[in-house]
Each structure stands twice: as structure tokens, then as C-alpha cells.
Amino acid sequence: MEVHYKFKEARKACGLTQKEVAQALNVTAATYSRYENGLIQPDPETLKRIAVLMKTSVDFLLGSESSVPDLPQDANELLALYGKMDDKFKIRLLGAAYAMLAEQKVNSNFDLDKIRKAAK
């Protein structure tokens with residue numbers, strides 16, 4: 001039976017890298033990657049630690065909940081839509097989001113030209 005954990009979705013919602021999560025869990029990046037890809041299963045204690053780190057529930061990580069807790073409904077909806085896009089459209093969406101932040105004069109570190117080139 002193949003397991004469909006939602007580690008990646010929760011990790012990205014928290015803005016963490018695989019390396020950062022692995023370091024926080026005191027496991028290798030390769031081990032965490034295997035958790036995320038469903039190749040190995042974390043023990044129950046590690047699963048709880050992942051949920052706490054990612055500010056979500058074990059149920060969400062196991063696929064029992066459909067959204068990331070503690071996020072507004074519209075953020076969960078955007079996250080779900082983003083997950084359905086191919087890489088080219090994800091890059092375009094990120095570029096648009098950064099452009100909107102720039103219009104609002106929100107300080108963010110990005111190179112809009114780099115994003116535009118990647119989206120073509």
C-alpha cells in the first residue's frame with residue numbers, strides 16, 4: 001500500500017526547505033526526502049515532531065485533512081491550485097505575486113527580470 005503523506009505541501013506552506021526540516025529533526029536530508037516521497041515512514045514520535053515543526057496536525061500529514069490548519073481558507077485554496085500547476089505556470093504565478101507585492105511597496109527579495117525569463 002502506497003502512503004501519500006503531505007509533508008511537502010505542509011513544508012512549502014511554512015516556507016521551509018528539506019534541509020531545514022532535516023536539521024530540525026536531526027536526520028539527514030536524504031532521510032527526510034525519503035519521508036516526503038513516501039519511500040520510508042517516520043516513527044510516530046518523528047511524525048509528531050514534523051507536525052509541530054510545520055504547525056499542522058498529524059492527521060493532515062497523513063492525508064486525513066484536506067487543508068493546512070492555521071491558514072485562511074483562501075490560502076489553502078491557493079495552495080491547492082498551485083499544487084495542480086506545472087512548473088512553468090508556478091513560476092509565472094510566483095512572478096505575478098512578487099510584482100503585486102512590489103506594487104504595494106512590500107519589501108521582498110526577488111529579481112523580477114529573472115522570474116520573467118524563467119516563465120517564458
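Helices here are DSSP runs of H or I with at least four residues, numbered from the N terminus, and the model in which they are described is a predicted one.

**View 1. The end of helix α4 and the residue that follows.** Helix α4 is followed by lysine 55, whose phi is positive, near 55°.

**View 2. The buried face of helix α4.** Within helix α4, which covers residues 44-53, the buried residues are Thr46, Leu47, Ile50 and Ala51. When one looks down the axis of α4, these buried residues fall within an arc of 140°, so they line one face of the helix. An α-helix has 3.6 residues a turn, so residues three or four places apart point the same way. The elements that cover the buried residues of α4 include α1 (7-14), α2 (18-25), α3 (29-36) and α5 (58-61).

**View 3. Asparagine 26 in a loop.** The place of asparagine 26 is in the loop between α2 and α3, and its phi is positive, about 60°, although asparagine 26 is not a glycine. Asparagine 26 is exposed, since its relative accessible area is 70%.

**View 4. Lysine 90, a buried charged residue in helix α7.** Lysine 90 lies in helix α7, where it is buried and yet has no salt bridge. The nearest side chain of opposite charge belongs to aspartate 87, which is 4.4 Å away, whereas a salt bridge needs the side-chain nitrogen and the carboxyl oxygen to be within 4 Å. If neighbours within four places in sequence are left aside, lysine 90 is in contact with Tyr82, Gly83 and Met85.

View 5. Leaving aside neighbours within four places in sequence, leucine 93 is in contact with Tyr82 and Met85. Leucine 93 and tyrosine 82 are 11 residues apart along the chain, and their C-alpha atoms are separated by 8.3 Å.

Methods
Residues are numbered from 1 along each chain as its sequence is written. This is a predicted model: local features need pLDDT of at least 70, side-chain atom pairs count only at pLDDT 80 or more; totals for chains, interfaces and linings use all residues. Side-chain values use heavy atoms; hydrogens and water are left out. Contact means heavy atoms within 4.5 Å. Buried means under 20% relative accessible area, exposed over 50%, partly exposed in between (1.4 Å probe, protein chains only). Helices (H or I, at least four residues) and strands (E, at least two) are DSSP runs, numbered from the N terminus. The arc is that of the directions from the helix axis to the C-beta atoms. Lys and Arg count as positive and Asp and Glu as negative; His and the chain ends are not counted.
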